[in-house]
Amino acid sequence: ILGYGTGVSMSKNLIKTPRLGLGQLSAGGELIFENGVDEPKIYNTSQSEISYTERFFNHVTGTTLWGKLSYHPFHKILPVLHIALGPTLGYWKRSGEKYASLGTVTKDGANQPVRVSILGFDNGAVIGYRISGGLNFNIKRMYIGGRVDFSNNTKSEINSILGLTLGYKLP
């Protein structure tokens with residue numbers, strides 16, 4: 001499902017005296033909001049499109065709290081590279097099409113083929129993990145970069161995220 005997300009993160013460096021191979025190790029958390037939807041064709045469809053070619057309706061939205069450790073493996077050589085991992089706890093709302101068939105609706109005095117769906121809902125808390133890797137380029141107190149995330153939870157929802165990062169470092 002294609003979607004979007006945003007998050008707010010805070011972390012603190014645990015290393016007081018940097019040494020080779022261990023220059024920056026941060027502990028913190030991130031509050032993440034995500035939303036995604038996959039919509040099928042509704043009007044002027046056919047039974048074969050519904051059965052074989054059209055995608056099903058799915059929608060997911062969630063809020064996740066991620067406790068994480070972030071490591072900068074090449075702090076002296078490539079300080080912008082980091083990896084992070086940790087457990088997640090979230091609340092997700094899901095709705096998805098369980099069954100679809102062809103029906104008709106009268107619109108402007110004419111019958112028109114329309115998709116008729118039965119939806120299922122699955123809402124609740126989930127626990128899991130998230131792994132992230134990225135590059136952040138510092139510009140004074142701000143940073144900009146990109147990251148790749150992989151996550152999994154107790155609902156067996158495997159998510160991959162490719163995104164941009166933009167942040168501000170507090171004094």
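Asn153 is found in strand β6, where strands are DSSP runs of E of at least two residues, helices are runs of H or I of at least four residues, and both are numbered from the N terminus. The model described here is predicted, so local features need pLDDT of at least 70 and side-chain atom pairs count only at pLDDT 80 or more, while totals for chains, interfaces and linings use all residues. Residues are numbered from 1 along each chain as its sequence is written, and side-chain values use heavy atoms, with hydrogens and water left out.

With a relative accessibility of 12%, Asn153 counts as buried; the classes are buried under 20% relative accessible area, exposed over 50%, and partly exposed in between, with a 1.4 Å probe and protein chains only. The side chain of Asn153 reaches the backbone nitrogen of Lys155 at 2.8 Å. This falls under the polar contacts, defined as pairs of N or O atoms within 3.5 Å; within protein, one atom must be able to donate a hydrogen and the other to accept it, and residues adjacent in sequence count only if both atoms are side-chain atoms.

Lys155 also takes part in a salt bridge with Asp122, at 3.2 Å from N to O. A salt bridge here is a side-chain nitrogen of Lys or Arg within 4 Å of a carboxyl oxygen of Asp or Glu, and the structure holds 8 of them. Because Asp122 lies in strand β5 and Lys155 in the loop between β6 and β7, this pair ties together parts that are 33 residues apart in sequence. Asp122 is partly exposed at 31% relative accessibility, and Lys155 is partly exposed at 36%.

What does Asp149 meet in salt bridges? One partner is Arg130, at 3.0 Å from N to O. Asp149 lies in strand β6 and Arg130 in strand β5, so the pair ties together parts that are 19 residues apart in sequence. Another partner of Asp149 is Arg147, at 2.7 Å from N to O. Both Asp149 and Arg130 are buried, and Arg147 is buried as well. Salt bridges that share partners join these residues with others into one network, made of Glu30, Glu34, Lys68, Arg130, Arg147 and Asp149.

Rings of Phe, Tyr and Trp (its six-membered ring) pair if their centres lie within 6.5 Å; planes under 30 degrees apart count as stacked, over 60 as edge-to-face and the rest as tilted. By this rule the count comes to 1 aromatic pair. The rings of Tyr129 and Phe150 have centres 6.3 Å apart and planes at 45°, so the pair is tilted. Tyr129 in strand β5 and Phe150 in strand β6 are 21 residues apart, and the pair links distant parts of the chain. Tyr129 is partly exposed, at 37% relative accessibility, and Phe150 is partly exposed too, at 32%.

Strand β5 gives the most to the nonpolar patch, with 3 residues. Leu170 is found in the segment after β7 and is exposed, with a relative accessible area of 60%.

Lys140 lies in the loop between β5 and β6. Its phi is near 55°, a positive value in a residue other than glycine. Lys140 is exposed, with a relative accessible area of 84%.

Strand β4 (residues 81–107) holds Arg94, which counts as buried at 11% relative accessibility. From C-alpha to C-alpha, Arg94 and Ile83 are 29 Å apart in space and 11 residues apart in sequence. Thr88 also lies in strand β4 and is buried, at 12% relative accessibility. Thr88 and Ser151 are 63 residues apart in sequence, and their C-alpha atoms are 8.8 Å apart in space.
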